[in-house]
Amino acid sequence: MDQHVPVLLNESISYLVTSVDGVYFEGTIGFGGHTQKILEKLSSTAKYLGTDKDINAFNHCVEKFEKDSRVQFYNTSFLNVDVISKLEAVDGFDGIFVDLGVSSFQLDSAESGFTYRQDAVLDLRMNKKEGKPAFKYLNELSEKEIADILYKYGEEKKSRQIARQIVKERLTDEIKSSFRLNELVERVTGKKNLNKSLSRVYQALRIYVNNELDDLKEFLSKCIDLLNPGGRLAVISFHSLEDRIVKEFFKYEALDCVCPSESPVCICNKESSIKILTRKPVVPGDDEMKNNPRSRSSKLRVAEKL
């Protein structure tokens, strides 16, 4: 079930692997595309830990790498990287890698509840045992709350009109399926711009349901503490909201002082914790974008612990 083509594969590995005998953590193992290639670069004494909230991805990787004694996977959020490091008696990582993309399997599979191309229950949870499915929020939140979600997390310009349609329609019957939501979005956008709007709407709901942006911020801050000196943090993002968080986090952590410019002396006592290795994000080349259109929006940023 290798359903996900790993993006920026060679670039990720060349930045991430600095010690072939090191200890590495992967925050979203997915279907093991990056995992396999990284492990090929590591020695027999290396250690590789990984997480994924999606039970299908987790089970696939457990089976795929069951004979590799270097690996240990957990069916949980990457937020538990600190807990896992204690469980595995790891004092520090030589590399931490996270690909924030949703797998092709999740995007295309009706059973995952992520796709708008097939009729399915509107779920959008990475871990089906946590939180509430997306349709619950669509039927419970106010018109303003729904509009804010679509605008903030999906940058959907017609968020208010779509929210109005949703709230109006749910008075008649609960909105539970993807095709029902698609129909409501189409009433606002028309057929011409429908797919782009659906992409934004589903992205917004997925981010909200999984608390993705807040989790990313917390994860990044934990990573800095868990990296060994010289260890690297590599993050692949797929939309501007994620990339902005990574960019601003790296920028802040690389600063030696955050005092106001008018301050005659430094009183903040802040010291830089990282060195940014990618002045501009690494993006796919023309060949990769041609062979894997879903790589188009991917960006890789890398920092090294001082």
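Predicted model: local features only at pLDDT ≥ 70, side-chain atom pairs only at ≥ 80, totals over all residues.
Seven strands make up an open sheet in the order 3-2-1-4-5-7-6, and their pairing is mixed. The edges are formed by strand 3 (71-74) and strand 6 (274-276), each of which pairs on one side only. On average, neighbouring strands of this sheet are turned by 15 degrees against each other, direction ignored.

Strands of a sheet pair through backbone hydrogen bonds, in either the parallel or the antiparallel sense. Strand 4 (residues 93-99) and strand 5 (residues 227-237) show the parallel sense, paired over six bridges. Within this pairing, Gly-95 has Arg-232 of strand 5 as its bridge partner.

## Helix 3

Helix 3 spans residues 55-64, and its buried residues are Ala-57, Phe-58, His-60 and Cys-61. Viewed down the axis of helix 3, these buried residues fall within an arc of 165 degrees, and therefore they line one face of the helix. Strand 3 is included in what covers the buried residues of helix 3. Strand 3 is also an edge strand of the sheet described above.

## Aromatic rings

A pair of aromatic rings is described by the distance of the centres and the angle of the planes. A search of the whole structure finds eight aromatic pairs. In one of them, Phe-25 and Phe-219, the ring centres are 6.4 Å apart and the planes stand at 40 degrees, so the pair is tilted. This pair links distant parts of the chain, since Phe-25 belongs to strand 1 (residues 23-26) and Phe-219 to helix 11 (residues 212-226), 194 residues apart. Phe-25 counts as buried at 1% relative accessibility, and Phe-219 is buried with a relative accessible area of 0%.

Another pair consists of Phe-249 and Phe-250, whose ring centres lie 6.4 Å apart with planes at 50 degrees, so this pair is tilted. Phe-249 is buried with a relative accessible area of 15%, and Phe-250 is buried with a value of 2%. One aromatic cluster is formed by Phe-25, Phe-78, Phe-93 and Phe-219.

## Arg-180

Arg-180 lies in helix 9, which covers residues 178-189. The relative accessible area of Arg-180 is 17%. Because buried means under 20% relative accessible area, Arg-180 is classed as buried.

The side chain of Arg-180 reaches the backbone oxygen of Glu-174 at 2.7 Å. When residues up to four places away in sequence are not counted, Arg-180 touches Glu-169, Asp-173, Glu-174 and Ile-175.

## Ser-237

Ser-237 is placed in strand 5, the strand that pairs with strand 4 in the parallel sense. With a relative accessible area of 3%, Ser-237 is buried.

Leaving aside neighbours within four places in sequence, Ser-237 is in contact with Leu-100, Glu-242, Asp-243, Ser-297, Ser-298 and Lys-299.

Definitions and conventions
Residues numbered from 1 in each chain as written. Heavy atoms only, no water. Pairing = 2+ DSSP bridges. Helix = DSSP H or I, 4+ residues; strand = E, 2+ residues; numbered from the N terminus. Axes fitted to C-alpha atoms, helices over the stretch in contact; angles between N-to-C directions. Buried < 20%, exposed > 50% of the residue type's maximum accessible area, 1.4 Å probe, protein only. Arc of directions from axis to C-beta. Contact = heavy atoms within 4.5 Å. Polar contact = N/O pair within 3.5 Å; in protein donor to acceptor, adjacent residues only side chain to side chain. Phe/Tyr/Trp six-rings, centres within 6.5 Å; stacked < 30°, edge-to-face > 60°.
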